[in-house]
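User: Hi! Could you walk me through this structure step by step?

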Amino acid sequence: MKKFFLILLIACSINQLVYGQTNTFVPVTDFGIRQGANLSFVEFSPSIAGKMDYGYNGGLVFRHTNEELFAVQVELNFSQKGWIEDFDTIPNTYNRKLNYIEIPFMAQIYFGKRKLNYYVNLGTAFAYLISEKETMEINDPLYTREYYNKPIENNFDYSVVAELGIRYDSKIGAFNFGGRYYYTVTSLYKFNAANIYEIQRNQVINISLTYFIFSK
């Protein structure tokens, strides 16, 4: 990871030396609308067999470019996370949906041609659980787990975020298409004697399209 950041820094420095002397940069502020989809799961320890759940992720975006090749981006999103569990017997099913209000703070490094740019977003995201829905059919009590029918104990969700994407500036606005990963470091439940799962953390893969309505 340190090597990755070092390569990005060197690439941006070289680009700045090449183009910075000939171009006069004007700060730009963008406001946009973001729409996307989540592929989410929960990391359990001890591990639980499961598969990814689908959900929505979208909201409002503020982006300020105060230096050439560098910008700051803040978002206000509604984000659906959750998980689906696999059982070795078909009659048993379990799925939990988690709905969050999410605020990512990210630094953006971009490079490329004037209208077509590639970018890297790195930052953090804070989320607060506003609702949850549990759907299950457990026909054998042996498959019942400690957290079934138990509300989430930690409503706050803190994640490290990394995104790769492409930006195109057109006559009607700017379009960003990117894929990002949320690595959550907070657990959903408190670890105690009644809970054998030491870790229960949301993990999310997100794909989104952002349209920036206007710039000034």
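Predicted model: local features only at pLDDT ≥ 70, side-chain atom pairs only at ≥ 80, totals over all residues.

User: What share of the residues in the protein chain is buried?

Analyst: A residue is buried under 20% relative accessible area, exposed over 50%, and partly exposed in between (1.4 Å probe, protein chains only). Of the 216 residues in the protein chain, the buried share is 39%.

User: How many cavities of 30 Å³ or more does a search of the whole structure find?

Analyst: On a 1 Å grid over the protein atoms alone, a cavity is a set of points where a 1.4 Å probe fits but cannot get out, and lining residues have an atom within 4 Å of a point. Grid points are joined across faces, edges and corners, and a volume is the space filled by probe spheres set on the points. The largest cavity holds about 40 Å³. With the cut-off of 30 Å³ or more, the search finds two.

User: Which strands each supply at least two residues of the lining of the largest cavity?

Analyst: The lining includes Arg34, Gln73, Tyr119, Asn176 and Ser208. The strands that each give at least two lining residues are S4 (70–85), S6 (116–137), S8 (173–184) and S9 (199–215).

User: Which residues line the second largest cavity?

Analyst: This cavity has about 40 Å³ of space. Its lining divides into two nonpolar, one polar and two charged residues; here Ala, Val, Leu, Ile, Met, Phe, Trp, Tyr, Cys and Pro count as nonpolar, Asp, Glu, Lys and Arg as charged, and the others, Gly among them, as polar. The names are Glu146, Tyr147, Lys150, Tyr189 and Asn195.

User: Is Asn149 buried or exposed?

Analyst: Asn149 sits in the loop between S6 and strand S7 (156–170). Not counting residues up to four places away in sequence, Asn149 touches Arg96, Glu134 and Met136, where contact means heavy atoms within 4.5 Å. Because its relative accessible area is 60%, Asn149 is exposed.

Technical notes: Residues numbered from 1 in each chain as written. Heavy atoms only, no water. 1 Å grid on protein atoms, 1.4 Å probe; cavity = no way out; pocket = protein on both sides within 12 Å on 5 of 7 lines; lining within 4 Å. Helix = DSSP H or I, 4+ residues; strand = E, 2+ residues; numbered from the N terminus.
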